[in-house]
Amino acid sequence: MMEKIDILISTDIIFDALIAQAEDVPASAEILKLCSENKIKGWITADDYIKIFSCIKENNQLSNNLIEKHLSCLSIIPIRSQTISDAHELNDKDFSDNIKIAAAQSMNIKYFITLKMMNCSRSSVKVMLPADFLKVFNNHNIMFISEKIAFVNLKVQFHQIYNQIDDQINKVINETSFIQGKYVKAFEKNFAKFCKAKHCIGVGNGTDALFIALKALNISRGDEVLLPANSFIATSEAVTMAGASVVFVDCDPETYNIDLNRIRSKITNKTKAIIPVHLYGQPAHMSLISEIAKEYNLNIVQDCAQAHGATFDNKPLADFGDILCFSFYPGKNLGAYGNAGAIVTNDNEIANKVLMFSNHGRKDKYKHEFEGINSRLDDIQGAVLNIKLNYLNQWNDSRRNASILYNTLLEDIELITTPYTLPNVKHVYHLYVIRLKKRNELQAYLSQNNILTGIHYPIALPNLEAYSYLNHKPADFPVASQYQNEILSLPVYPGIAESTVRHVSQIINNFMKKL
Ligand SMILES: Cc1ncc(COP(=O)(O)O)c(C=O)c1O
């Protein structure tokens with residue numbers, strides 16, 4: 001686990017490395033080696049790539065193996081018209097160097113490595129000689145800690161897949177295939193396969209997914225739907241949007257998911273469905289929820305917005321209940337580059353209804369069989385999600401490793417409760433949430449130490465003003481009402497460095513020692 005430094009490499013570095021003899025390894029070759037070992041993220045501009053490639057092709061003495069070795073590990077930054085305008089703004093003498101600096105700036109790359117000493121005062125990009133850069137690299141941890149630690153840093157994953165994303169988005173635009181086109185269809189097929197389910201239908205966002213799921217189950221006015229007291233408001237909003245009544249159930253004191261012991265007392269003859277939310281990435285107890293649903297003839301709509309890739313009892317979540325609803329909001333485990341969502345089901349009839357409802361109640365262009373809504377996944381999001389899906393397991397593992405390390409480093413602190421994980425689940429750690437009485441003080445202390453955190457959620461749903469019409473008191477939901485003041489979400493995202501997790505834990509330890 002290592003948060004990588006991004007560097008832009010100049011042509012002279014590559015040539016320096018290419019002509020190096022085996023016994024004499026210059027810093028340039030060492031830098032390229034670090035890139036090929038995936039320890040540094042190396043970039044090259046498109047014009048430099050062309051320059052090197054043509055030169056190598058003309059020079060028969062340099063073998064294809066060398067080309068492969070030195071260029072294949074680098075990602076290419078395209079030169080766009082914006083890069084050219086930015087280069088003009090830089091106004092330094094050498095326009096070709098300005099292009100490099102502007103290209104690095106466009107990708108948030110901090111270092112430009114070249115053999116040429118130059119001064120670029122107008123840009124935040126640091127121009128460095130390879131040997132000087134190696135010194136910085138070896139001090140990476142010290143440097144890194146002086147920067148702000150984001151709660152979620154999406155740049156790490158973006159840089160990993162940048163070229164694929166760039167190519168695919170350009171394809172969508174060139175093919176003018178914008179809505180429910182082949183990129184959406186391909187993603188739907190792949191995501192259904194990933195979920196081990198028969199159908200996936202892309203929709204506009206996760207909130208719509210929940211609403212459409214309830215509509216597909218014919219849930220409407222007069223019906224009651226059970227859901228946990230601690231979730232994002234989208235879960236309950238969808239119920240109200242469908243015309244049904246929201247019925248909150250307190251959360252389990254250990255898992256923070258819906259409390260199985262409190263579900264039965266909330267069931268009436270109007271109850272039609274239950275929405276378990278797999279909060280923070282840990283599945284709710286799906287086999288017991290399924291038993292209750294069977295006993296009372298309730299539909300199950302799973303809110304999987306935080307649980308892409310989670311499993312229960314070694315089974316995919318699609319094995320339980322009627323419908324799974326996903327959000328692909330950018331920060332989710334599988335996140336789009338805008339709003340997006342999906343519904344996953346094994347039921348042909350439900351799939352058909354969802355498909356039609358989310359597209360104005362139609363299958364054919366102007367044959368509307370009923371009124372629906374416009375909630376379609378667009379192809380730019382489909383293309384992005386399709387690429388990212390290939391990395392989801394790897395990124396979930398990265399979240400899990402970071403969370404396990406947090407557990408090890410924090411579980412001995414008496415006043416902090418680390419997450420409890422059911423033994424039979426695969427938790428995908430959308431969030432890593434600790435609990436303590438001095439939550440606000442710790443959050444402020446972490447912020448003073450440049451560490452950003454979150455609270456999910458600071459006001460439990462029944463206590464929100466939006467639900468004051470239900471006349472609930474905090475005491476009606478004792479666990480959710482207590483925990484809303486104690487929970488704290490620590491930084492966790494794919495690619496988070498081990499050193500970051502250790503540093504955050506160290507600062508937490510420092511704070512606790514002062515109490
Ligand atoms: C538990 C839960 N449900 C539903 C949603 C709604 O998803 P979206 O923002 O895509 O509408 C979210 C997203 O934040 C969520 O966390």
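Helices here are DSSP runs of at least four residues and strands are runs of at least two, both numbered from the N terminus. By that count, this predicted model holds 19 helices and 19 strands in the chain.

Start with the whole chain. Its C-alpha trace spans about 80 × 65 × 40 Å along the principal axes. A compact globule of 515 residues would have a radius of gyration near 24 Å, and the chain's 26 Å agrees with that. Of the 515 residues, 44% are buried. Among contacts with a separation of 6 or more, 69% join residues 24 or more positions apart.

Next, colour the chain by domain. Select 5–138 for domain 1, 159–389 for domain 2 and 392–514 for domain 3.

Now show domain 2 and domain 3 together. Their C-alpha centres lie 25 Å apart. Where they touch, 31 residues of domain 2 are in contact with 27 residues of domain 3. On the domain 2 side, select strand S11 (311–312) and helix H15 (379–389), the elements that give two or more residues to this side. The residues on this side of domain 2 divide into 14 nonpolar, 12 polar and 5 charged.

Move on to the ligand. Which residues come nearest to the ligand? Select Gly-206, Thr-207, Ala-234, Ala-305 and Ser-327, which come nearest of the 15 residues around the ligand. Then select helix H11 (206–216) and helix H12 (234–241), the elements that give two or more residues to this shell. Coloured by residue type, the shell shows 5 nonpolar, 9 polar and 1 charged.

Terms used. Residues numbered from 1 in each chain as written. Predicted model: local features only at pLDDT ≥ 70, side-chain atom pairs only at ≥ 80, totals over all residues. Rg over C-alpha atoms; globule rule 2.2 N^0.38 Å. Buried ≥ 20, exposed ≤ 12 C-beta atoms within 10 Å, placed from the backbone. Contact = placed C-beta atoms within 7 Å. Near = placed C-beta within 6 Å. Nonpolar A, V, L, I, M, F, W, Y, C, P; charged D, E, K, R; others polar. Domains from an automatic or database assignment.
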